[in-house]
Every structure is written in structure tokens, then in C-alpha cells.
Amino acid sequence: MKKKISEKLIYRMYDNAYKSFDRLTPLLFDCGELCNARCCKGKDGMYLFPYEEIFIGSHWENKITYIKNDIPLLICDGICQREHRPLSCRIFPLFPYIIDSKLKVDFDLRAKNICPLQFNDIAEIQIQKKFKRKVYRVFKKLIKNKDIYDFCSRISEEILFLEKFY
Ligand code: SF4
Ligand code: SF4
């Protein structure tokens with residue numbers, strides 16, 4: 001992606017976003033214990049948000065590829081240094097949907113086949129409200145950048161289109 005904002009701003013945006021999830025996770029305990037960390041076992045990779053590769057690319061040399069012409073995709077080996085995991089992993093299994101021009105944070109339907117946290121009728125595995133609120137607040141700021149807004153809109157459309165196939 002052609003860079004339209006300064007590196008300083010990119011670092012500030014993503015540094016703040018990453019720090020928001022340094023200690024805050026979907027559940028109070030490690031949800032990987034429920035499913036043997038299935039979301040780290042896939043080979044599909046995680047999208048990086050616009051400009052995020054500039055922020056963490058140096059920690060993931062040769063692990064970032066580009067698909068659909070322009071979307072950076074990080075393919076890990078199922079292990080990472082936690083402090084360098086990308087934003088998609090930090091907010092998983094939620095996604096910042098843009099629907100009718102509005103931000104809505106909800107379960108990422110692409111995780112339907114793997115993630116037990118979709119079952120919101122089991123009290124012990126309810127995603128913490130403060131985690132969801134934090135994802136909302138972080139993206140409320142991030143989508144002020146038009147490229148991030150457009151990216152979230154585009155991926156929201158894709159997810160909702162594919163919903164019928166999940
Ligand atoms: S987010 Fe879902 S799939 Fe990933 S470790 Fe937690 S429970 Fe498992
Ligand atoms: S980058 Fe880390 S957190 Fe994300 S899928 Fe890979 S091992 Fe899991």
C-alpha cells in the first residue's frame with residue numbers, strides 16, 4: 001500500500017492499539033486452554049490492517065505476503081513472541097465491522113468453525129464486556145484513518161457475504 005501518512009503517526013497509532021491488548025484478553029483465563037489454541041494452528045494467516053506491516057514487519061521477516069493485490073497477510077508457524085503478535089490476533093475472535101457506515105464489534109464469523117467463544121449461552125466462556133468495549137474504542141480511533149476505515153468496510157462485506165457458506 002502506498003504510504004499516505006507519516007511513519008511517526010503509524011507507530012503512534014499501532015503502539016497505542018497494541019498496548020491496549022497487552023494484558024486484556026477475551027476471557028479472564030487463557031482461552032487457548034479451551035481449544036488447544038486452535039486459532040494459532042491454521043495456515044491461512046492473518047490479515048494485517050493498513051500500515052501495520054510498517055509497525056511490525058521487522059519482527060516478521062519473510063512471513064508477510066501480499067494477497068488480493070494489496071492486503072498484507074502474516075503467516076506464522078503457530079508460535080510467536082507474544083509482544084509482536086499482530087492486531088488481528090490481539091482482538092480475535094472479534095472483528096470491527098463497518099456496517100451502514102457504523103462501527104460494530106462482533107464475533108468474527110470466519111472463526112465459526114474453530115472458536116468456542118461464539119457460544120454466548122455458556123456463562124464461563126462469555127467474552128468479557130470490557131474486552132469488547134476496548135476493541136470498539138481502539139477501532140473508533142483507528143478508523144479515523146480512511147485507509148483503515150475502507151479496509152474494515154471491505155473485509156466486513158467479504159465476511160458478511162461469505163456468512164452463508166460458514
Ligand atoms: S480465540 Fe477462540 S480459537 Fe482462539 S484460542 Fe481462544 S477460544 Fe481458541
Ligand atoms: S501470530 Fe502468534 S497469536 Fe497470532 S496466530 Fe500466530 S502464534 Fe497465534
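## Stop 1: leucine 48

Select leucine 48, which counts as buried because 25 C-beta neighbours lie inside 10 Å. The model on screen is predicted. Leucine 48 sits in the loop between β1 and α3 (52–56). Leaving aside neighbours within four places in sequence, leucine 48 is in contact with Glu53, Pro72, Leu74 and Pro86.

Tyrosine 51 has a phi near 75 degrees, a positive value in a residue other than glycine. Is tyrosine 51 buried or exposed? Tyrosine 51 is buried, with 23 other C-beta atoms within 10 Å.

## Stop 2

Now select residues 46–47, 64–67 and 71–74, which are β1, β2 and β3. The three strands form an open sheet in the order β1-β3-β2, with antiparallel pairing. β1 and β2 stand at the edges with a single partner strand each, so one side of each has no neighbour in the sheet. Four bridges join β2 to β3.

From β3, follow the chain to glutamine 81, in the loop between β3 and α4 (87–91). Glutamine 81 counts as exposed because it has 8 C-beta neighbours inside 10 Å. A distance to check is the one from glutamine 81 to lysine 19: their C-alpha atoms are separated by 15 Å, and the two residues are 62 apart along the chain.

## Stop 3: the two ligands

Select ligand 2 and the residues around it: Cys39, Cys40, Met46, Cys76, Gly78, Ile79, Cys80, Arg85 and Cys89. By class, this shell has seven nonpolar residues, one polar and one charged.

Then move to ligand 1. How many residues surround ligand 1? There are 14, and the closest are Cys31, Gly32, Cys35, Cys39 and Cys115. The shell around ligand 1 divides into twelve nonpolar residues, one polar and one charged.

## Stop 4

Select phenylalanine 92 and proline 93. The peptide bond from phenylalanine 92 to proline 93 is cis, with omega near 10 degrees. Proline 93 lies in the loop between α4 and β4.

Next, select β4 (residues 94–99) and β5 (residues 102–107), which run antiparallel and are joined by six bridges. Isoleucine 99 stands opposite lysine 102 in β5. This hairpin has two residues between the strands, and aspartate 100 takes a positive phi near 50 degrees there. Serine 101 lies in the loop between β4 and β5, and its phi is near 65 degrees, a positive value in a residue other than glycine. With 7 C-beta neighbours inside 10 Å, serine 101 counts as exposed.

## Stop 5: helices α1 and α5

Finish with helix α1 (residues 7–20) and helix α5 (residues 129–142), whose axes are 10 Å apart and which pack at an angle of about 175 degrees. That angle makes α1 roughly antiparallel to α5. Show the side chains of Met13, Ala17 and Ser20 on α1 and of Lys134, Val138 and Leu142 on α5, the residues that make the contact. By class, the contact has four nonpolar residues, one polar and one charged.

Methods. Residues are numbered from 1 along each chain as its sequence is written. Chains are lettered from A and ligands numbered from 1 in the order in which they are written. This is a predicted model: local features need pLDDT of at least 70, side-chain atom pairs count only at pLDDT 80 or more; totals for chains, interfaces and linings use all residues. Two strands pair if DSSP finds at least two bridges between them. A residue is near a molecule or strand if its C-beta atom, placed from the backbone, lies within 6 Å of it. Ala, Val, Leu, Ile, Met, Phe, Trp, Tyr, Cys and Pro count as nonpolar, Asp, Glu, Lys and Arg as charged, and the others, Gly among them, as polar. Axes are lines fitted to C-alpha atoms, for helices over the stretch in contact, and angles run from 0 to 180 degrees between N-to-C directions. Angles under 35 degrees count as roughly parallel, over 145 as roughly antiparallel, 65 to 115 as roughly perpendicular and the rest as oblique. Two residues are in contact if their C-beta atoms, placed from the backbone, lie within 7 Å. A residue is buried if 20 or more other C-beta atoms lie within 10 Å of its own, exposed if 12 or fewer, and partly exposed in between; C-beta atoms are placed from the backbone.
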